[in-house]
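Me: Could you take a close look at one part of this protein for me, the annotated binding site, and then tell me how the rest of the chain is built around it?

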Amino acid sequence: METEDGLWCRLGRIEQMVRHAYWQTGCKGIVIGLSGGIDSAVAAVFCCRAVGPENVLGLLMPSSVSSPDDLRDAEDLCSRFKIPYEVISIDPMLEGFRTMPGFTETPYLLGNLMARIRMITLYYYANRDHRIVCGTSNRSEYMLGYSTKYGDSAADIQPLLHFYKTDIFVAARELNIPEPIIRKVPSAGLWAGQSDEKEIGLSYTEIDAALRALEENSWKAQNPSEEKVLALVKKSGHKRMPAPSLLTGSQREC
Ligand SMILES: Nc1ncnc2c1ncn2[C@@H]1O[C@H](COP(=O)(O)OP(=O)(O)OC[C@H]2O[C@@H]([n+]3cccc(C(=O)O)c3)[C@H](O)[C@@H]2O)[C@@H](O)[C@H]1O
Ligand SMILES: Nc1ncnc2c1ncn2[C@@H]1O[C@H](COP(=O)(O)OP(=O)(O)OP(=O)(O)O)[C@@H](O)[C@H]1O
Ligand SMILES: [Mg+2]
C-alpha cells in the first residue's frame with residue numbers, strides 16, 4: 001500500500017511534467033475537453049496545479065446524446081477550480097457529416113465520428129490561441145485500445161497515461177474532484193447508456209488486475225480474464241505504434 005507521501009510525490013511529478021512541456025513548447029495555454037467524467041476532471045486539475053487555471057481552457061462539447069448531468073458536472077468542476085470554459089455543441093458539425101453522400105449512421109460510426117469532431121475542435125483552439133492539447137487517456141484504455149484512433153487519444157501531453165483507471169479514482173480523491181464525478185459510472189458517452197465496463201465485458205478492477213499480472217508475467221495469460229485482456233491488447237497494437245512505413249526508427253528522430 002502506497003503511503004500518502006509516496007502518492008503526493010507521484011502527483012507532484014505529473015505537475016512537473018506538465019509544467020515542463022508547457023514551458024518547453026513556448027505555448028500560451030492548454031486546452032482540454034471536459035466531459036463531466038473523471039479522467040478529464042483529473043487531467044484538468046493537474047494542468048491547473050501545474051500552470052494556473054487562468055492558462056487552462058476547458059471545452060465542454062455536448063451532443064444530442066450527452067447527458068445534461070455530465071454538462072452540469074463539468075461546469076461545477078470549472079467553477080470549483082476556476083477554469084475558464086466554453087460550451088460548444090458538436091451537433092451542427094455532425095449535421096454537416098449527415099449531408100455527405102453515402103453517410104450511414106450506427107452508434108459505433110457516430111461514436112467514433114463524435115470523438116474525432118471533438119479532437120478537431122480542440123486542435124482548432126490550440127492553433128488559434130497557441131495552446132497545447134491535454135489528453136485524458138489512462139493506461140487501462142491505452143493498453144486495451146479503448147479509444148478512438150486519432151480521436152480522444154490524440155493529444156500533445158498525456159498526464160494520466162501511466163495511471164491505471166483504478167489509480168485515477170485514488171488521485172481524484174486527493175485532488176478534491178467533486179463527488180458526483182468520482183461516483184459516476186465510467187462512460188465514453190458516445191451513445192445513451194454506454195458503459196465502458198459493459199462494452200468491454202470486464203470491470204476496471206478486473207482489467208487492471210489482469211494488466212498488472214500480464215506485465216509481471218511477460219504477457220503470459222493465466223486465467224480467462226487475462227486471456228481476454230491480452231487479446232484486446234494484441235488487437236489494438238496498431239493504436240500504440242507509428243503507422244507502418246519504410247522509414248526506419250533512426251530516421252524519425254533528429
Ligand atoms: N491492424 C491494424 N493496423 C493498422 N490500422 C488498423 C488496424 N486495424 C484497424 N485499423 C484502423 O483502426 C480503425 C479502428 O479503430 P477506431 O477507429 O479507433 O475504432 P474501434 O477501435 O473499432 O472503436 C473504438 C472503441 O473505443 C471506444 N471509445 C471510443 C472513444 C472514446 C472512448 C472513451 O472511453 O471515452 C471509447 C468505442 O466505444 C469503441 O469500442 C480502422 O477503421 C482502421 O482505420
Ligand atoms: N461531451 C464532451 N465534452 C468535452 N470533451 C469530451 C466529451 N466527451 C468526451 N470528451 C473528451 O474525450 C475524453 C475521453 O472520454 P472518457 O469517457 O474516456 O473520459 P472521461 O469522460 O473523462 O472519464 P470516464 O472514462 O470515467 O467517463 C474525455 O476525457 C474528454 O476529454
Ligand atoms: Mg466519459
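Reply:
**The annotated site**

In the UniProt record, an unreviewed entry, the annotation "binding site" covers Asp39 and Glu141; UniProt positions are given in the numbering used here, feature names are shortened, and annotations may be inferred rather than shown by experiment.

A word on the model before going on. This is a predicted model, in which local features need pLDDT of at least 70 and side-chain atom pairs count only at pLDDT 80 or more, while totals for chains, interfaces and linings use all residues. Residues are numbered from 1 along each chain as its sequence is written, and chains are lettered from A and ligands numbered from 1 in the order in which they are written.

Let's start with Asp39, which lies in helix 2 (residues 38-51); helices (H or I, at least four residues) and strands (E, at least two) are DSSP runs, numbered from the N terminus. Asp39 is buried, with 21 other C-beta atoms within 10 Å. Here buried means 20 or more other C-beta atoms within 10 Å of the residue's own, exposed means 12 or fewer, and partly exposed is in between, with C-beta atoms placed from the backbone. Leaving aside neighbours within four places in sequence, Asp39 is in contact with Thr136, Asn138, Leu160 and Ile168; a contact means that the C-beta atoms of two residues, placed from the backbone, lie within 7 Å.

Now to Glu141, found in helix 6 (residues 139-144). Glu141 also counts as buried, having 25 C-beta neighbours inside 10 Å. Not counting residues up to four places away in sequence, Glu141 touches Tyr146 and Ser147.

Stepping back to the whole chain, the protein has 13 helices and four strands. Its radius of gyration is 18 Å, close to the 18 Å that the globule rule gives for 254 residues, so the chain is as compact as a globular protein of that length. That radius is taken over C-alpha atoms, and the globule rule is 2.2 Å times the number of residues to the power 0.38. Along its principal axes, the C-alpha trace spans about 55 × 45 × 45 Å. Of the 254 residues, 35% count as buried. Among contacts with a separation of 6 or more, 72% come from residues 24 or more positions apart.
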